[in-house]
Amino acid sequence: MKATAIAPSNIAFVKYWGKSDETLRLPANGSVSMNLSGLYTITTVEFSSSYTTDDVVIDGSVHEKATARVSAHLDRIRAIANTNLRAKVVSKNSFPSGTGLSSSASGFAALTKAAVDALSLNLSEQELSILARQGSGSAARSIPDGFVEWIKGATSDSSYAYSLYPPDHWKLYDVVVIVSDEKKSVSSAEGQTRAETSVFYETRMHYIEQKLSEAKDALKKKDFERLGALAEREAFEMHAIMLTSWPPLVYWTEATIAFIKQIHAWRKEGLPVYLTLNTGQDIHALCEEQTVHRLQALLRDLPYVKQIIVNTPSTGVRQSNAHLF
Ligand code: PMV
């Protein structure tokens, strides 16, 4: 009863920030994202009567908080399979976790698929997305392929993600720029609970549907300038909400701000590159194929850039035979 799955992380152009139901992880708004080819998690799950507890190893370490969250997610899957077998879970990320690169998205998508397969449950993509969402909201979007929309839904069964376009629809690049691998002090899950304390939150909700339509239209037309500008404004809007929440959430470091200014300077000089950010200090630089080599060369000269990961659109979660134990 062992299975392994690989799932990509994803970057949202229209973000998920705020929930309408905390327990079910129903989002306050829909979101649109792209799965990332270079940021992924591989997870092996084995259920066996020889285990007395859930044993969870992530990137070689055991963490009590992570084990509790994984175990709670396995409980949802055990309930469907009508079993109380405990499991061994080994998971590895291809990138630094807990730094704002959405390892919870790839992690919970891979965990969901591996656990479901290990228990031989025959679930549809939609059902997998609904399940993954309950582990970590953004994980719902790492299940389908390529460019994805997560419909907010009003109930658990109507809140899931589906593929808008396959990965080969558009060779968009997301160059992840790692400026530090320091772990964030407030998780996205906790930060999300503060969203409504910002005075800007309600304003955001007024025009979010319009923004979602614009993002989908820009994706359909492969209009880079429009999508890039929308994604960047959206990232700053989300961070404006974080900064004005109480207690405030400040995820940026000096290097983040230096790099934001650098991108703006490059853009002024004519380099078509936009940025987006999640809950962390690292930055996603968005560009098209004709710009990516020049961007990489420029990045090499910046002293605060520790690592770059070049991503193109990726398929969603998939099964693998490369078991980790
Ligand atoms: O799924 P969570 O709880 O890690 O929240 C993800 C939140 C953001 O990454 C900041 C935005 C998004 O839509 O991915």
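This is a predicted model: local features need pLDDT of at least 70, side-chain atom pairs count only at pLDDT 80 or more; totals for chains, interfaces and linings use all residues.
**View 1. A four-stranded open sheet, in the order β10-β11-β9-β12.** Pairing here is antiparallel. At the edges sit β10 (274–277) and β12 (307–311), each with a single partner strand, so one side of each is left without a neighbour in the sheet. Going from one strand to the next, the twist averages 25 degrees.

**View 2. Strand β10, its partner and the helices on the sheet.** β10 and β11 (residues 283–288) run antiparallel and are joined by four bridges. Look for Y274, which stands opposite L286 in β11. Helix α6 (residues 224–243) lies across β9 (172–178), β10 and β11, at about 35 degrees to β10. Helix α7 (residues 254–268) touches β9, β10 and β11 too, but its direction makes about 155 degrees with that of β10.

**View 3. The largest pocket, with about 1300 Å³ of space.** Its lining takes in 47 residues, and R69, G98, S103, S104 and S187 lie nearest the centre. Elements giving two or more residues to this lining include β4 (31–48), α1 (64–81) and β6 (86–93), while α2 gives the most, with five. Sorted by class, the lining has 23 polar, 14 nonpolar and 10 charged residues.

**View 4. The second largest pocket, at about 190 Å³.** Among its lining residues are Y207, K211, E214, R226, R233 and E237. Helices α5 (201–221) and α6 each supply at least two of the lining residues, and α6 gives the most, with five.

Note on methods:
Residues are numbered from 1 along each chain as its sequence is written. Side-chain values use heavy atoms; hydrogens and water are left out. Two strands pair if DSSP finds at least two bridges between them. Axes are lines fitted to C-alpha atoms, for helices over the stretch in contact, and angles run from 0 to 180 degrees between N-to-C directions. Contact means heavy atoms within 4.5 Å. On a 1 Å grid over the protein atoms alone, a cavity is a set of points where a 1.4 Å probe fits but cannot get out, and a pocket is an open set with protein on both sides within 12 Å along at least five of seven lines; lining residues have an atom within 4 Å of a point. Grid points are joined across faces, edges and corners, and a volume is the space filled by probe spheres set on the points. Ala, Val, Leu, Ile, Met, Phe, Trp, Tyr, Cys and Pro count as nonpolar, Asp, Glu, Lys and Arg as charged, and the others, Gly among them, as polar.
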